[in-house]
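Subject: Structure for you to look over

Dear colleague,

Please read the notes with the model open.

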Amino acid sequence: MNEIAKLNPECIWRNFDALTQIPRPSGHVEKVQQFLLDFAKGIGVEAFQDAAGNIVMRKPATPGMENRKCITMQAHMDMVPQKSPESKHNFETDPIETYIDGDWVKARGTTLGADDGLGVAAIMAVMEDNTLKHGPIEGLITRDEETGMYGANDLPKGELNGDILFNLDSETWGKFVIGSAGGIDVTCKRDYKQVKTASGETGVCITLKGLKGGHSGLEIHEGRANANKLMARLVQKAIVDYKARLVSWHGGNMRNAIPFKAEVVMTVPDDNLKGLKKLVKELKGLFEDEFKHIEDGVDLTLKAIDRPKEKMAQDDQTVILRAIYACHDGVVRMIPAYPNVVETSSNLAIIDIEGGKAAVQILARSAREDMKEYITKMLMTCFHMADFKVETGGSYVGWDPNPDSEALQMLLKLYKELFGEDGIVQVDHAGLECSIILGKYPHMDVVSFGPTLRSPHTTIERAYIPAAEPFWRLLVKALEEVPMK
């Protein structure tokens, strides 16, 4: 048994440790679905997999509490599969290797999966503990939240019994989230012509890595470098100053993660190779200076490779690069009523260019539907001007705050009683499944809270050990104090 299974509270960390042994990257959740069904069967709890691939568990009220409101605890089963360049981890087959570093649980060379594995572990802990007092409860563990909230979007109406929804996917202990941004996927595709390379040209591979990356909702306001945007600057200067030509471009791998790595293959006239090497060195220093208070691992390198057989036609190269260069990335504006919270943003997440096919994937977010429409049209216009075919999908609305929530007032009261301080109520820019579930179950009273995590969606994701115990205490107390129907 891993050392994290012995942490306090043992019921959460033991179950989280078990989850880390089950491969569960987004899009490949079959193993964790079966794991959860087997877990429920083993402890004698009702459970089933619905048509959307979600797992639902149910437990009746303890004697004398049958007249309490039903609480639905909700988390998502999938995790973002990011790994360091040197890692050989296979997310579809390998367990996550965890370790303890002071007050933090971390993973070796990969994402940890505490987003939202700790939420799932808490549901498992509640379901297996027959000493707890509670009204009727159910657990909803959704499929593929990280790639498009498919489990929530396809959640059948009439399936849930809950009056109150505790979303366990927030990442700062002591903060209670009552609103979140909506989002939409923007996908841009374009074919391009290729022409043969010629003698007198050298192939080069330019790699940018070592950036922090991060969560495109929670950390978009921190000004972290986007590998695709930095690479666009380099490619443009290489073309203009050294007559380089683009062969391929691969940057980013998750739509909701700020890209921390990008790699391009180009050709350059032999006589200009020395100058291009100098440019790469200069831009490395420039990027380090621009982001010296944010990024500490900028790694920009060039290596000569065999001359590719084909390169992008010059006219196509011009318009494609212009679109990437012009594409908005980052914060558009903050919420006027909550000036410390991002209202609208976009993340230029993934670029794949090779073999005559160019594809760009972006995630746009906003707390307002009108601003979500605005940023979407801005992005579409940018790529339409470069003759890309642009499609949108995976749209979900924002979660409107309800500061008068009965569940919120109960949690704030219990938090003050248990810990002697006031909880913080906030609205997040990250997309939560609450808005989608509310669209199907509008009667639900919804609050999101959870233990402290940092840098989700990155290889430095970590879970703060001291936050897990008070989180568990509050959850247990809230189940016990749930209001009457």
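A residue is called buried here when its relative accessible area is under 20%. Please keep in mind that this is a predicted model.

By that cut-off, the buried residues of helix 11 are I465, A467, A468, P470, F471, W472, L474, L475, V476, A478 and L479. Helix 11 covers residues 465-480, and its 16 residues reach 24 Å from the first C-alpha to the last, close to the 22 Å expected at 1.5 Å a residue.

F449 is found in the loop between strand 23 (445-448) and strand 24 (453-454). F449 counts as buried because its relative accessibility is 0%. Apart from neighbours within four places in sequence, F449 is in contact with F471, L474 and L475, and also with F166, N167, L168, D169, S170, K175, F176 and L411. F166 lies 283 residues from F449 along the chain, yet their C-alpha atoms are separated by 7.4 Å.

Next, strand 19. Strand 19 runs over residues 338-354 and is mostly covered, with 12 of its 17 residues buried. Its pairings are as follows:

- G330 has S346 of strand 19 as its bridge partner.
- Strand 20 (residues 357-366) pairs with strand 19 in the antiparallel sense over 10 bridges. I353 has A358 of strand 20 as its bridge partner. These two strands also form a hairpin, with 2 residues between them, and G355 in the turn has a positive phi of about 60 degrees.
- Strand 13 (residues 245-251) pairs with strand 19 in the antiparallel sense over 3 bridges. Here G251 has I351 of strand 19 as its bridge partner.

Finally, helix 8. Helix 8 (residues 369-384) has 16 residues and reaches 22 Å between its first and last C-alpha, close to the 22 Å expected at 1.5 Å a residue. Its buried residues are M371, K372, I375, T376, L379, C382 and F383. Seen down the axis of helix 8, these fall within an arc of 140 degrees, so they line one face of the helix. They pack against strand 18, strand 19 and strand 20, as well as strand 9 (182-191), helix 7 (314-326) and strand 21 (389-396).

Regards

Note on methods:
Residues are numbered from 1 along each chain as its sequence is written. This is a predicted model: local features need pLDDT of at least 70, side-chain atom pairs count only at pLDDT 80 or more; totals for chains, interfaces and linings use all residues. Side-chain values use heavy atoms; hydrogens and water are left out. Buried means under 20% relative accessible area, exposed over 50%, partly exposed in between (1.4 Å probe, protein chains only). Helices (H or I, at least four residues) and strands (E, at least two) are DSSP runs, numbered from the N terminus. Two strands pair if DSSP finds at least two bridges between them. The expected span of a helix is 1.5 Å times one less than its number of residues. Contact means heavy atoms within 4.5 Å. The arc is that of the directions from the helix axis to the C-beta atoms.
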